[in-house]
Amino acid sequence: MNRLLGTLTGIALMAGLAAPMAARAEDKDVIDYRQNVMKTLGSQVAILGAMAQKKIPNDNFAAHLQILAETAASAKAAFTPKVVGGKSKATIWDNSADFNKKLDELVQVATAGATAAKAQGAAAGMPRLTCKGCHDVYREETK
Ligand code: HEC
């Protein structure tokens with residue numbers, strides 16, 4: 001009987017420990033997801049910038065603007081779960097309509113840029129991306 005109780009207590013303890021561990025892992029996954037989305041945006045801007053400055057061949061200028069637009073659109077889902085952490089300010093989830101509007105703006109600007117670039121290539125130029133407008137409000141200062 002004592003052994004059975006001991007085993008049951010052990011199982012209960014393990015279950016109790018496992019639950020918070022799973023919750024932490026999920027939060028980390030959520031933060032990783034949105035940070036990876038943002039890194040993808042950063043990569044596209046780096047590529048587009050090098051193309052605009054003619055440092056690398058610019059045949060894929062329109063394609064990278066298209067990738068940027070689609071990545072920005074995917075950011076909405078990445079930021080939907082309220083997980084305060086990383087460099088995200090909690091105000092994102094108090095003002096989610098405004099936050100999503102800022103993402104929509106970026107999607108629109110990048111999509112318009114991609115459409116122009118499909119017609120004229122890199123000569124269409126780099127659209128005025130609105131990254132900073134959101135970072136200034138919703139991202140913690142880089143420490
Ligand atoms: C609507 C708001 C918003 C827009 C628009 C936005 N960002 Fe971000 N970005 C954030 C937030 C919030 C974070 C912090 C994420 C975190 O750490 O939880 C972030 C983080 C980043 C990071 C750091 C990722 C890391 O952890 O290494 C990069 C790079 C980045 N953004 C690039 C961009 C670029 C480039 C654009 C424009 C093409 C852009 N962002 C547009 C909100 C935005």
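1. Leaving aside neighbours within four places in sequence, Phe61 is in contact with Leu48, Met51, Ala52, Ala117, Gly121, Ala122, Gly125 and Met126, where contact means heavy atoms within 4.5 Å. This is a predicted model, in which local features need pLDDT of at least 70 and side-chain atom pairs count only at pLDDT 80 or more, while totals for chains, interfaces and linings use all residues. Residues are numbered from 1 along each chain as its sequence is written, and side-chain values use heavy atoms, with hydrogens and water left out.

2. Phe61 also belongs, with Leu65 and Leu68, to the residues with the most contacts inside the largest nonpolar core, which has 14 residues. A nonpolar core is here a set of buried Ala, Val, Leu, Ile, Met, Phe, Trp, Tyr and Cys residues joined through side-chain atoms within 4.5 Å, and buried means under 20% relative accessible area, exposed over 50%, and partly exposed in between, with a 1.4 Å probe and protein chains only. At least two residues of this core come from each of H1, helix H2 (61-78) and H4, and H2 gives the most, with six residues. A second, separate core of ten residues includes Ala78, Trp93, Phe99 and Tyr138. In soluble globular proteins, nonpolar side chains tend to be buried together.

3. As to the overall fold, the protein has five helices and zero strands, with its elements running α-α-α-α-α from the N terminus on; helices (H or I, at least four residues) and strands (E, at least two) are DSSP runs, numbered from the N terminus. Of the 143 residues of the protein, 26% count as buried. Among contacts between residues at least 6 apart in sequence, 73% join residues at least 24 apart.

4. The 18 residues of H2 reach 25 Å from the first C-alpha to the last, close to the 26 Å expected at 1.5 Å a residue, the expected span being 1.5 Å times one less than the number of residues. The buried residues of H2 are Phe61, Ala62, His64, Leu65, Leu68, Ala69, Thr71, Ala72, Ala75 and Ala78. Facing this helix is a residue of H1, Gln44, which is buried at a relative accessible area of 7% and which touches His64, Ile67 and Leu68, not counting residues up to four places away in sequence.

5. Helix H4 (residues 96-120) has 25 residues that should span 36 Å at 1.5 Å a residue, and its end C-alpha atoms are 36 Å apart, which agrees. Buried positions in H4 are Phe99, Leu103, Leu106, Val107, Ala110, Gly113, Ala114 and Ala117. An α-helix has 3.6 residues a turn, so residues three or four places apart point the same way. After H4 comes Gly121, with a positive phi near 70°.

6. The iron atom of the ligand is coordinated by Met38 (SD) and His135 (NE2), at 2.0 to 2.3 Å, donors being N, O and S atoms within 2.8 Å of the metal (3.2 Å for Na, K and Ca), with water not among the atoms, so that sites may look incomplete. Met38 lies in helix H1 (residues 2-52) and His135 in helix H5 (residues 131-138), so the pair ties together parts that are 97 residues apart in sequence. The iron site is octahedral, with angles of 85 to 179° among its six donor atoms; six donors count as octahedral if opposite donors are over 155 degrees apart and all others between 65 and 115.

7. Phe79, in the loop between H2 and H3, is buried, with a relative accessible area of 9%. Phe79 and Val30 are 49 residues apart in sequence and 8.1 Å apart in space, C-alpha to C-alpha.

8. Lys54, in the loop between H1 and H2, has a positive phi of about 60° although it is not a glycine, and Lys54 is exposed at a relative accessible area of 70%. The structure holds zero disulfides, a disulfide being a pair of cysteine sulfur atoms within 2.5 Å; Cys131 counts as partly exposed at 31% relative accessibility, whereas Cys134 counts as buried at 14%.

Notes: Tetrahedral: all angles 85-135°; square planar, octahedral: opposite > 155°, others 65-115°.
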